[in-house]
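My entries follow in the order I made them.

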Amino acid sequence: MTPQKNIVKEGFHPFAFEQFFPLLLVFKNYSFDLLNADCRAALNVALLAIPQGMAYALVSGLPIQYGLLGSAVAAILGCLFSNSRFITLGPTNATSVLLFGVFASLGMINQDGMGTIEAIKILPWILLFSACFLILASMLRVSFMIQFVSRTVITAYVTAAACLIIANQTKHVLGLELDSRDTIATFWQIIYASTKALAGFSTPALIVSGFTALSYIILQYKLKSLPNVAITLILGSVFHFLLQDTIGSVNTLATFDSSLGILSSINFESLSHSSGTILWASIAISLLCLLEGLSIGKSLAARAGERIQTNRETFAIGMGNMGCSLLSGMPASGSLTRSSLNIQSGAKTSASNLYAGIFVVIGYFSLGSLVSYIPIPALATLVIFIGASLIKGRQIQAVSRATRSDAITFTVTLVVGLIISLQMAIFAGVITSILLFLRKVAVPEMVEYGYNEEGELAALSGKARRPEPEVSIVHVEGEIFFAAADLFYEQIRRVGEDPNLRVLVLKLLNAHHLDATSVMALEELLDYLKEKNCHVLLCGVRRDILRILKNAGVLSRMNRKNIFPHIVSNPTLSTAKAIKRAKYLTSGEETKVTIYAEQMGKETK
C-alpha cells in the first residue's frame, strides 16, 4: 500500500471539474487494502472526534450537537474538496475559544457558561462569512499571506486561548454557581466571578473531576496509543452512575433529539443588529483557520516527504465551514490531534477523512439519549487537559526572550487576548509585529569606520576632526523603501556636513527595494552635496537598481564616469574603480579613506 500522492497540479482552479472533486480521482484506483487502512484510521479519528466535538461545543458555549455535527460535516466536505490526507477538519481549541470570546464580548453567555438564543442565531452568519473569506482567498491565491502572521503572535494567541479555556471550565470542575450579576466576557472577569463563588464549591463535582483526571493521566502514561479521551469520558460516566447515591450527583449533559432537522435557521434580524461584530469575528476565524489548517498540513506533509497545495486546502476549509453554517455546525479548521492521529493510524488516502465523518454521523444519531449519563465535571476536566496541552513552555521562552521585538509582540497579543478579546488579540499582534518590523528595517544605524594610529580599521569618535580632504565610503545595506527613505537621506546628509568631505562613495550592492520615494531622496541628496562641492560616486550598482535609476531619470543627471556597476565575476572591482576615481577627483591632495557601515551590519571590509 502506498500513501496517496498529490493528484492534481499545483495550479488549483476551483471551477475546473477535474479538480473540483479530487476524491473521485482517489476512488479510480482504490483497492481493498487502501479501504482497510483508511477505515482503521477513520475509526480511531472518530473515537477521538466525538468526545472532542462535545468538549469543543462546551468550550464555545454551544449545545454538544453542534460539536458533533461540526466534526462530521467539516470532515466530509473538507475531504470532498481536498486531495490531502494530512488535514482532518473539525472544531479545534482555538476556533472554539475564539467563538466563545465573540459571544462573551456581545454579552451572549449565560451564567452556566452556555450561549444564549441570540448566540445561536448569529453563529450561521459568522460561519458563512468565514467560509466566503476563505473561498475568496483560495480563488485569489492569497493564502500565502498567512506568512505575515509571526509564530510569536500565534504562540501568544494560543496561550491566551488556553488560559481562557481553563478558566471557563474551572467552574464546572468545582461545581460553582456564579453570580448572575457578574459580567463574564474576559479571562480576568471569569477569574473574578469564580473566586467570589469559590466558597460554594461542590464536593461531588470535585470527586468526579478528580477521578476523571487520575484516569486520564494513567491512560496517557500507560496506554498513550489508545483513544484515551473517549475511554476516560466513559470511565468518568460509569464512575458517576455507579456511585452517585454515595458521593452525590452532579450536573450531566442535556440530551438532544437527533431526529430533529439539522438545518440552521437563518435570521436576518441578527445580521443587521450585529453585522460589525460578525464581520470582525469572521475575519478572525478565517485567518485562524488558515493558520491552523495550513501549518498542520505543511508540517505533517513535510514529515512524509510530501507537500500540500495551500490554495486547494484553503478552498476545502472554506467549503467545510460553509457546510457547517448550513447544517448546525461550528467553526472548523485543521485539528492537530485528529490530523496527527489520522496519519499515525495508517491513513493512505484522503478518503479516511470521509469515513471518519461518516462514523461521527453514526455516533450523532446513536448518542442522543446516552449523553445524559456524561457528567459535566468529567467533560470539563478533559477540556482543561486539552487546553493545558496548548501551553508550550519552550515556545513561550523562545518568543519572549529571542528579541525585544518578539517580547513586545508576545506581551501585547497575550494581554489583549486576556483583557479585551481573542479576536482583537490576533489583529493587535499582527499590527504590532508589522510595525516593529517596519521600525527595524526603516532605521539604518550608521557607524563611521576609519584607520587609527595603529593602522587598524576601527570605529571613529564622532568628535574626531579631519583636517585633510576626505573620501568616505558608505555601505548602504538593507531595505531602502519609502519608510526608510527619509532616514537614509538624513543620515547621509549628516555625513555630508563635514566641510572636509570631497568625495562620497555610495556602495549599493546590498541595498534592496528602492522605490520612487527613496529615488527622490537620493536626488535631493545629490543636489545637497553638489552645493557643498562634494562628488557622489555610485559603486556596486546591480542591474535592477540601474534600471530603477535610469527609469527615474537619475542617471541622466550624473556623470557616467561616477557610476560603477556591480560585476558578478569580480565583486570588488567596482569599489576599486570608485576609489581610483575618488583619488583622481582629489588629485594633488593627501587623501584619507573612511568607511561607514550599519551598526548591526555585516562584516566591513
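**Entry 1: the end of α7.** I started at glycine 175, which sits just after α7 and takes a positive phi of about 70°. I take helices as DSSP runs of H or I with at least four residues, and strands as E runs of at least two, both numbered from the N terminus.

Ground rules, before going on. This is a predicted model, so local features need pLDDT of at least 70 and side-chain atom pairs count only at pLDDT 80 or more, while totals for chains, interfaces and linings use all residues. Residues are numbered from 1 along each chain as its sequence is written, and side-chain values use heavy atoms, with hydrogens and water left out.

**Entry 2: α7 itself.** I checked its length. α7 has 24 residues and reaches 34 Å from its first C-alpha to its last, close to the 34 Å expected at 1.5 Å a residue. The expected span is 1.5 Å times one less than the number of residues. I then looked at its cover: 19 of the 24 residues of α7 are buried. Buried means under 20% relative accessible area, exposed over 50%, and partly exposed in between (1.4 Å probe, protein chains only).

**Entry 3: the whole protein.** I stepped back for totals. The protein has 23 helices and eleven strands. Buried residues make up 53% of its 605 residues. I also looked at contacts, meaning heavy atoms within 4.5 Å. Among those between residues at least 6 apart in sequence, 82% join residues at least 24 apart.

**Entry 4: α5 against α7.** How do α5 and α7 pack? Their axes are 10 Å apart, at an angle of about 65°. That makes α5 roughly perpendicular to α7. For the record, axes are lines fitted to C-alpha atoms, for helices over the stretch in contact, and angles run from 0 to 180 degrees between N-to-C directions. Angles under 35 degrees count as roughly parallel, over 145 as roughly antiparallel, 65 to 115 as roughly perpendicular and the rest as oblique. The crossing of α5 and α7 is left-handed. I use that word if the near helix is turned anticlockwise from the far one by less than a right angle, and right-handed if clockwise. On the α5 side I listed Asn93, Ala94, Val97, Leu98 and Phe100. They meet Tyr157, Ala161, Leu164, Ile165 and Asn168 in α7.

**Entry 5: α5 against α6.** I moved to α5 (residues 93-105) and α6 (residues 117-140), whose axes come within 11 Å and cross at roughly 125°. That makes α5 oblique to α6. Leu99, Val102 and Phe103 of α5 make the contact with Ala119, Ile122, Leu123 and Ile126 of α6. This crossing of α5 and α6 is right-handed.

**Entry 6: α3 against α15.** The axes of α3 and α15 (residues 351-366) come within 7 Å and cross at roughly 45°. α3 is therefore oblique to α15. α3 passes α15 in a right-handed crossing. The α3 residues here include Leu35, Cys39, Ala42 and Ala46. Among their partners in α15 are Ala351, Tyr355, Phe359 and Gly363.

**Entry 7: α16.** What covers the buried residues of α16? The cover includes α3 (32-60), α5, α7, α9 (203-222) and α10 (228-247). Ten of the 13 residues of α16 are buried, among them Pro377, Leu379, Val383 and Ile386. I checked the span too: its end C-alpha atoms are 18 Å apart, which agrees with the 18 Å that its 13 residues should give.

**Entry 8: α21 and what follows.** α21 has 16 residues and reaches 23 Å, close to the 22 Å expected. Aspartate 515 caps its N-terminal end, with a side-chain oxygen 3.2 Å from the backbone nitrogen of threonine 517. The buried residues of α21 include Val519, Leu522, Leu525 and Tyr528. Asparagine 533 follows α21, with a positive phi near 60°. Asparagine 533 lies in the loop between α21 (516-531) and β9 (535-541).

Entry 9: Serine 328 has a phi near 55°, positive in a residue other than glycine. I placed serine 328 in the loop between α13 (310-326) and β2 (333-334). Are serine 328 and asparagine 533 buried or exposed? Serine 328 counts as buried, at 11% relative accessibility. Asparagine 533 is exposed, with a relative accessible area of 55%.

Notes
A polar contact is a pair of N or O atoms within 3.5 Å; within protein, one must be able to donate a hydrogen and the other to accept it, and residues adjacent in sequence count only if both atoms are side-chain atoms.
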